[in-house]
Amino acid sequence: MKALRTAGFYLVAGLFFLWAVFPFYYAVVTSLKTGFAVMTPTLWPSAPSFANYVHIFELGFGRNVLNSVIVATLTVLVAGLVSLLAAYALSRVSFRGRSTLLVTMLGATMFPQAAVLSGLFSVIRGLGLYNTWWGLIFSYLLFTVPFTVWVLTAFMRELPQELEEAAIIDGAGPWVIVTRIFLPLLAPAMAATGLLAFIAAWNEFLFALTFTLDNTARTVPVAITVFGGSSSFMPPYGNIMAASAVVSAPLVVLVLVFQRWITSGLTMGAVKG
Amino acid sequence: MAVPEPSPGDARSQGMTLQQRRVVWAWVFMSPVLLALLAVALWPLVTTFLASLTDASISGGDGRLVGLSNFLHQGATGWGGVLASHEWWRSVGNTALFTLVTVGAETIIGMLLALVLNSRLRGSRPLRAAVLIPWAIPTVVSSEIWTWMLQQQGGILNLLMLDAHLIRQPIDWLSDPSLMLPAVMMVDIWKTTPFMALLILAGLQTIPRDVYEAARIDGVGPLKTFFRVTLPLVWPAVLVAVIFRMLDALRVFDLIYVMTGAVPQTETMAVYIQSHLVGFGEIGYASAASVVMFLIMALLLVAIIWSGHKRLLGESR
């Protein structure tokens with residue numbers, strides 16, 4: 001009976017594993033095929049080649065990767081800095097309106113991006129930021145800032161009160177308390193939160209699609225959807241899968257390496273909050 | 001607050017108590033975030049509201065005020081505007097159906113996955129890493145990968161199902177009108193179940209092991225243990241995960257835009273708005289649809305926060 005249950009467990013676990021991993025595996029396999037081999041479904045590339053990878057970079061994919069790296073990195077830096085300060089205020093100081101602000105933050109994390117699409121579009125045009133990195137960074141603060149504030153507030157609440165009291169007695173001001181005492185202690189939390197915000201910015205599609213025009217600022221998710229085939233009668237899946245592998249690989253590696261942090265960041269944002 | 005009173009000789013206090021000074025600092029520290037949200041949320045929101053009252057469009061509208069006619073007006077051939085648009089309400093219906101089915105399935109599968117991950121048997125650790133992959137891959141990429149796997153010609157899914165004699169003819173998932181929405185839902189379930197599972201897992205891990213031990217000693221079977229012990233204890237965590245996923249599913253865009261484009265069978269609120277704004281350039285009309293979507297989401301959110309205010313805010317008082 002026990003052996004049967006263990007076997008059942010491994011069967012279910014194995015199915016889940018296959019379910020989670022297979023699509024990405026198959027994308028990588030496809031990206032290594034060329035010509036008509038792409039259209040023949042096999043679980044292993046018979047003649048693996050990096051031709052698709054070479055080809056997408058000839059099409060200017062490098063620029064898209066650069067755009068994505070810069071936009072996501074700057075978004076995380078800006079969001080992280082402003083959120084750290086706000087999280088200190090929200091978690092450590094009791095003041096009137098704090099609960100309202102917290103609820104506003106939570107509400108803002110659920111904000112439907114499409115609902116401000118037209119307004120954001122004209123604001124970005126008005127500021128002269130259309131088709132630039134800054135336009136994307138600006139719009140990405142909409143969904144990163146409330147999230148980072150919320151999660152960092154939850155993390156900061158866990159730190160012991162005594163730390164701060166000791167610092168206050170020693171005459172430390174709020175700025176010193178945040179930068180010298182909380183920042184070092186929060187480093188893992190900041191990393192986890194930053195990583196999640198980075199993934200969100202890296203993967204964003206609706207704003208990137210709407211607020212960019214060409215490769216000047218176009219990020220990878222949008223670039224992938226506009227890839228054409230290398231010839232008109234061949235479906236472009238070899239290229240698309242190569243580009244998909246290029247964008248996903250760093251994320252998959254990050255996620256596997258920082259698994260524990262990511263899980264804690266995610267659950268802090270929801271369960272603990 | 002257990003903060004010490006400042007000493008009378010403290011020059012910096014300038015007549016304020018420590019607590020008062022801390023409150024001032026709190027607002028100073030809050031101000032960058034408040035400014036940012038004013039700029040990226042409130043300003044565009046107000047702009048959207050204002051645009052919804054105009055006839056602004058790329059094809060000639062000059063932004064004249066037209067009152068509420070983008071929402072509802074009586075034209076020569078009957079009622080017009082977003083609220084009278086059959087297409088709009090169809091996309092609301094699609095969004096609701098999409099949300100119900102995907103979040104429902106994700107909760108059930110996510111619970112099963114969380115139980116597997118929570119077991120102490122070997123192999124649950126590599127599995128935990130593996131299930132993060134669908135979650136981490138950009139939605140656009142998942143959509144492209146699945147579009148490719150679901151192809152009628154050359155799609156591996158059809159091939160595997162043919163080989164296993166599950167089907168006789170390859171299925172055209174993404175062109176058959178009755179299969180498009182289910183196909184898109186399937187991909188969403190694949191992509192977001194891990195998120196659900198991780199949140200439920202966090203809940204499961206707070207249940208002390210001796211609760212199960214006690215149930216086992218009392219001779220309670222595994223199914224009964226699950227429904228009588230585990231489920232009630234993990235329910236709050238499940239509920240929060242469901243709310244998060246629900247609000248996320250209601251704004252679905254990427255998956256549908258990439259896999260099917262704006263077609264009647266799968267068009268959701270976000271896809272409808274984007275295609276009217278960018279595709280047709282109907283700025284005023286698309287803004288009106290945005291306002292309606294915003295109100296729907298805001299009402300829902302207020303209802304959720306109001307009903308679960310205490311729990312969501314946790315210990316923040």
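This is a predicted model: local features need pLDDT of at least 70, side-chain atom pairs count only at pLDDT 80 or more; totals for chains, interfaces and linings use all residues.

1. Taken along the principal axes, the C-alpha atoms of chain A fill a box of roughly 75 × 70 × 30 Å.

2. Chain B is divided into domain 1, covering 8-52, and domain 2, covering 85-281. Between the C-alpha centres of domain 1 of chain B and domain 2 of chain B the distance is 39 Å.

3. A contact between the two chains involves helix 6 (residues 133-157) of chain A and helix 1 of chain B, whose axes come within 9 Å and cross at roughly 135°. Helix 6 of chain A and helix 1 of chain B are therefore oblique to each other, and the crossing of helix 6 of chain A with helix 1 of chain B is left-handed.

4. On the chain A side of that contact, helix 6 contributes A:Phe138, A:Leu141, A:Leu142, A:Val145, A:Pro146 and A:Val149, which meet B:Val33, B:Leu37, B:Ala39, B:Val40 and B:Ala41 in helix 1 of chain B. The residues of this contact divide into 11 nonpolar, no polar and no charged.

5. Within chain A, helix 7 (residues 161-169) and helix 8 (residues 174-203) pack at an angle of about 155°, with their axes 11 Å apart. That angle makes helix 7 of chain A roughly antiparallel to helix 8 of chain A, and the crossing of helix 7 of chain A and helix 8 of chain A is right-handed.

6. Helix 7 of chain A makes this contact through A:Leu163, A:Glu164, A:Ala167 and A:Ile168, and helix 8 of chain A through A:Ile177, A:Ile181, A:Phe182 and A:Leu185. By class, the residues of the contact of helix 7 with helix 8 are seven nonpolar, no polar and one charged.

7. Which side chain meets that of A:Glu164 in a salt bridge? The partner is B:Arg22, at 3.0 Å from N to O, and the pair crosses between chains, from helix 7 of chain A to helix 1 (residues 18-51) of chain B. A:Glu164 is also one of the residues through which helix 7 of chain A contacts helix 8 of chain A. Over all chains, the count comes to eight salt bridges.

Key: Residues are numbered from 1 along each chain as its sequence is written. Chains are lettered from A and ligands numbered from 1 in the order in which they are written. Side-chain values use heavy atoms; hydrogens and water are left out. Domain bounds come from an automatic or database domain assignment. Axes are lines fitted to C-alpha atoms, for helices over the stretch in contact, and angles run from 0 to 180 degrees between N-to-C directions. Helices (H or I, at least four residues) and strands (E, at least two) are DSSP runs, numbered from the N terminus. Angles under 35 degrees count as roughly parallel, over 145 as roughly antiparallel, 65 to 115 as roughly perpendicular and the rest as oblique. A crossing is left-handed if the near helix is turned anticlockwise from the far one by less than a right angle, and right-handed if clockwise. Contact means heavy atoms within 4.5 Å. Ala, Val, Leu, Ile, Met, Phe, Trp, Tyr, Cys and Pro count as nonpolar, Asp, Glu, Lys and Arg as charged, and the others, Gly among them, as polar. A salt bridge is a side-chain nitrogen of Lys or Arg within 4 Å of a carboxyl oxygen of Asp or Glu.
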